[in-house]
Amino acid sequence: MIPIMLGGAVTAGAIALIAYLLWPTWGPDVSSDPARLPVSIGATVFNVPTAAVRMKIQRHSGPQERVDLSFSFPSLEAPEAPAVPKHVSADSVEDAVQPIDRIFLSIAAHHDSLAPETRVRTIYPRYLEQASTPGQDGLTVRAFRDGSPYSNEDLFFASTPALNARCTRDAATPGMCLSERRVEGADLTFRFPRSWLAHWHDLADAMDRLTLQLHGQGG
């Protein structure tokens, strides 16, 4: 029995050695996502930072109907992952609310709908109050009439640099603004806090820069 057992041990050892030598030493390819994704929206190509895409299902190249992005402001870098929230009690909920430090951008195919600049020029004036109020550094504001589709909102506009923004008013939650522009087959909708209009020159410049970064020919 002893020679048989020794022979079996030698055979098992030989098989183990061969398996070790022949076993592939490479592991699975775990390459990270590309830094930027070329996407086609409305037959218009945009190069979007992968880390800026808000929805995982949209993190792929090729044709898409819509992409939702966010960028830190004013750096315009892709935002870092949010910190894990701590326990929030009823007494500390107000202190736990973090200020918005991001500018949000949605890019969607327009399918020949009314252009944003046309809406500002022909649709909005039907619902605006007659009086306008001069704002800071050349920014003008006109209120929408009560009872209109844009009730409790204001329209901000300036020419140098160009800016149009429709904003809700501060209430229980801070007012938010949207500013739209068309780039070929897609509409870009920027969203940001109304309070940022205090530095509207920087804000207008940031939206122009983002448009150029994402689509080299600009808007």
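Student: Which residue in β11 is the bridge partner of Ile 107?

Tutor: In this predicted model, the bridge partner of Ile 107 in β11 is Leu 188. Strand β5, which spans residues 102-109, pairs with β11 in the antiparallel sense, and 6 bridges connect the two.

Student: Which other strand pairs with β11, and over how many bridges?

Tutor: Strand β10, residues 176-183, pairs with β11 in the antiparallel sense over 8 bridges. Within that pairing, Val 183 stands opposite Ala 186 of β11.

Student: How many residues lie between β10 and β11 in the hairpin?

Tutor: There are 2 residues between the strands of this hairpin. Glu 184, in the turn, has a positive phi of about 55°.

Student: What packs against β10 and β11?

Tutor: The buried residues of helix α3 pack against β10 and β11. Helix α3 runs over residues 116-123, and Pro 116, Arg 119 and Ile 123 are buried in it. Viewed down the axis of α3, the buried residues fall within an arc of 70°, so they line one face of the helix.

Student: Changing topic: how many disulfides does a search of the whole structure find?

Tutor: The search finds 1 disulfide. The disulfide joins Cys 167 to Cys 177, with an S to S distance of 2.0 Å. Cys 167 belongs to strand β9, residues 162-168, and Cys 177 to strand β10, so the pair ties together parts that are 10 residues apart in sequence.

Student: What is the handedness of that link, and are the two cysteines buried or exposed?

Tutor: The link of Cys 167 and Cys 177 is right-handed, with 110° about the S-S bond. Both Cys 167 and Cys 177 are buried.

Student: Now the open sheet of 3 strands: what is the strand order?

Tutor: The order is β2-β1-β3, and the pairing is mixed. Strands β2 (44-49) and β3 (62-63) stand at the edges with a single partner strand each, so one side of each is left without a neighbour in the sheet.

Student: How many bridges join β1 and β2?

Tutor: Strand β1, residues 36-41, and β2 pair in the antiparallel sense over 6 bridges. Ser 40 has Val 45 in β2 as its bridge partner. Helix α4, residues 200-214, packs on the sheet and touches β1 and β2. The direction of α4 makes about 110° with that of β2.

Student: Where is Ser 70, and why does Ser 70 count as buried?

Tutor: Ser 70 is located in strand β4, residues 66-72. Ser 70 counts as buried because its relative accessibility is 4%, and the cut-off for buried is under 20%.

Student: Which residues is Ser 70 in contact with, leaving aside neighbours within four places in sequence?

Tutor: With those neighbours left aside, Ser 70 is in contact with Ala 52, Arg 54, Ala 78, Pro 79, Arg 102, Ile 103 and Phe 104.

Student: Finally, the whole protein: how many helices and strands, and what share of residues is buried?

Tutor: The protein has 4 helices and 11 strands. Of its 219 residues, 35% count as buried. The protein exposes about 14100 Å², of which carbon and sulfur atoms supply 59%.

Student: What share of the contacts comes from residues 24 or more positions apart?

Tutor: Among contacts with a separation of 6 or more, residues 24 or more positions apart account for 50%.

Methods: Residues are numbered from 1 along each chain as its sequence is written. This is a predicted model: local features need pLDDT of at least 70, side-chain atom pairs count only at pLDDT 80 or more; totals for chains, interfaces and linings use all residues. Side-chain values use heavy atoms; hydrogens and water are left out. Buried means under 20% relative accessible area, exposed over 50%, partly exposed in between (1.4 Å probe, protein chains only). Contact means heavy atoms within 4.5 Å. Accessible areas come from the Shrake-Rupley method with a 1.4 Å probe; for residues, only the protein chains shown count as cover. Two strands pair if DSSP finds at least two bridges between them. A disulfide is a pair of cysteine sulfur atoms within 2.5 Å. Axes are lines fitted to C-alpha atoms, for helices over the stretch in contact, and angles run from 0 to 180 degrees between N-to-C directions. The arc is that of the directions from the helix axis to the C-beta atoms.
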